[in-house]
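Here's a quick briefing on how this one packs inside. Have a look at the model first, then read on.

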Amino acid sequence: MIRALLVRAFQEKEIRTRLLFTLGVVVVFRFLAHLPLPGVDLAALKQLFASNALLGLLNIFSGGAMENFSIVSLGLNPYINASIIFQLLTFGFPHLKELAQEGEYGRAKINQYTRFLTVPLACFQGYGLYFLLSNQGVVNPLPPLSLAALVVSLTAGSILLMWLGEILTEKGVGNGISMLIFIGIVAGYPLSLGQTFATASAERIGGLLLFVAMAVALVGGIVIVNEAARRVRIEYAIRIRGGRRYGGETYLPLRINQAGVIPIIFAISLVLIPPTFARYFSGVAHPLVSRAASFLLTLFNPQGAFYILFYFLMVVLFTFFYTAVIFNTKDIAENLQKRGGFIPGVRPGKTTVDYLNHVLTRITFFGAIFLGLVAVLPTIAGRFTGVTTFTLGGTGILIVVSVILETLRQLESQLGMRDYEGYL
């Protein structure tokens, strides 16, 4: 099916041009990811990233650029953070909420604000990266002018990636930002798979097969959950104007995974804060501080039961929180009432809000449990299979599968437009 879709896509000149443009942007991105900045010990840097889970997560989203200390080391993290901040602010500030409801103009305005916020966030994260690496002895201490040049270079690299993502959305295939994140994640898979199979032995073949089975099951589960939705029937009063009929029956889709991958990103950031601080204070001479740091490092060991349980609960809680933020049932009920729509058997107004909240809570419960399992599955898979050379990143696989499904849907939509007899 996918092969036939791609063959049809390459037969259409416009879609073929978009696909080739996407490929060109990907080549530029991978070139930039391997263009290192001077003054860093790459061997020590790779060892640091291998021992720090938070840096490993950030490195995944940068496509290995951070591990190479390239000009795009920050990746799209500043832009992603700015987007999340404005998503949350939209529901706290009336002006931003009104902009979000003004269609294309409002979205363009919020996107412009997001770009403005990305610049200071990139500067802050660039300096933070230098401060972290210099404390670890990976980067040599720099004078103020050289430090400013380094921060400006890292900020410019992040802004360049943001521009590439936006131009890819306009002239390429799919969402450009998501596509670059997708490319960054899958770029590291061939090396990890090669190391996994190269170190495989006869004694570990059973664990390797179990690992592959878990990976296949995870991908299948993500596909099913991403496509699954509860359809709430909405009816509108039928009106006839100018010989045309308006109204009738439609459906409001409530997706099981309404929050996407954002709860996992929130949770991993929160879970990794205690061990990160504990690692810095573990060398303090004061015995009480040193013992407390050692206790935190033991408690938040990624292979430990407490870490797995705490991480799972954080993902579940953030899923409910973020779903409640982005899916405002009160606004939906008000819009339905203004347009003359109603749910059969449910009164408009507060009763509709209560009904939607009831349905959304039950659906979100299963979505939260699923996201929690996706988040902790890498650790569980490593413990039961003994495969440590390839990290089955649940967050990464969730993003990869979601981007592939969305891109295929867009290709099918564009091909469907060309098959329609009224298309010119």
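How many aromatic pairs does a search of the whole structure find? The search turns up five, where rings of Phe, Tyr and Trp (its six-membered ring) pair if their centres lie within 6.5 Å. Keep in mind that this is a predicted model, where local features need pLDDT of at least 70, side-chain atom pairs count only at pLDDT 80 or more, and totals for chains, interfaces and linings use all residues. Residues are numbered from 1 along each chain as its sequence is written, and side-chain values use heavy atoms, leaving out hydrogens and water.

**Aromatic pairs**
- F86 and Y113 have ring centres 6.3 Å apart and planes at 25 degrees, so they are stacked (planes under 30 degrees apart; over 60 is edge-to-face and the rest tilted).
- F86 sits in helix α5 (residues 77-90) and Y113 in helix α7 (residues 103-135), so the pair ties together parts 27 residues apart in sequence.
- F365 and F366 are edge-to-face, because their planes stand at 80 degrees, with centres 5.5 Å apart.

**Cores**
- The largest nonpolar core has 61 residues, and I222, I264 and Y311 have the most contacts inside it; such a core is a set of buried Ala, Val, Leu, Ile, Met, Phe, Trp, Tyr and Cys residues joined through side-chain atoms within 4.5 Å.
- Buried means under 20% relative accessible area, exposed over 50%, partly exposed in between (1.4 Å probe, protein chains only).
- Another core, of 17 residues, lies apart from it, with L37 and L74 among them.

**Confidence**
- Mean pLDDT (the predictor's confidence in each residue, from 0 to 100) is 78, and 83% of residues reach 70 or more.

Terms used: Helices (H or I, at least four residues) and strands (E, at least two) are DSSP runs, numbered from the N terminus.
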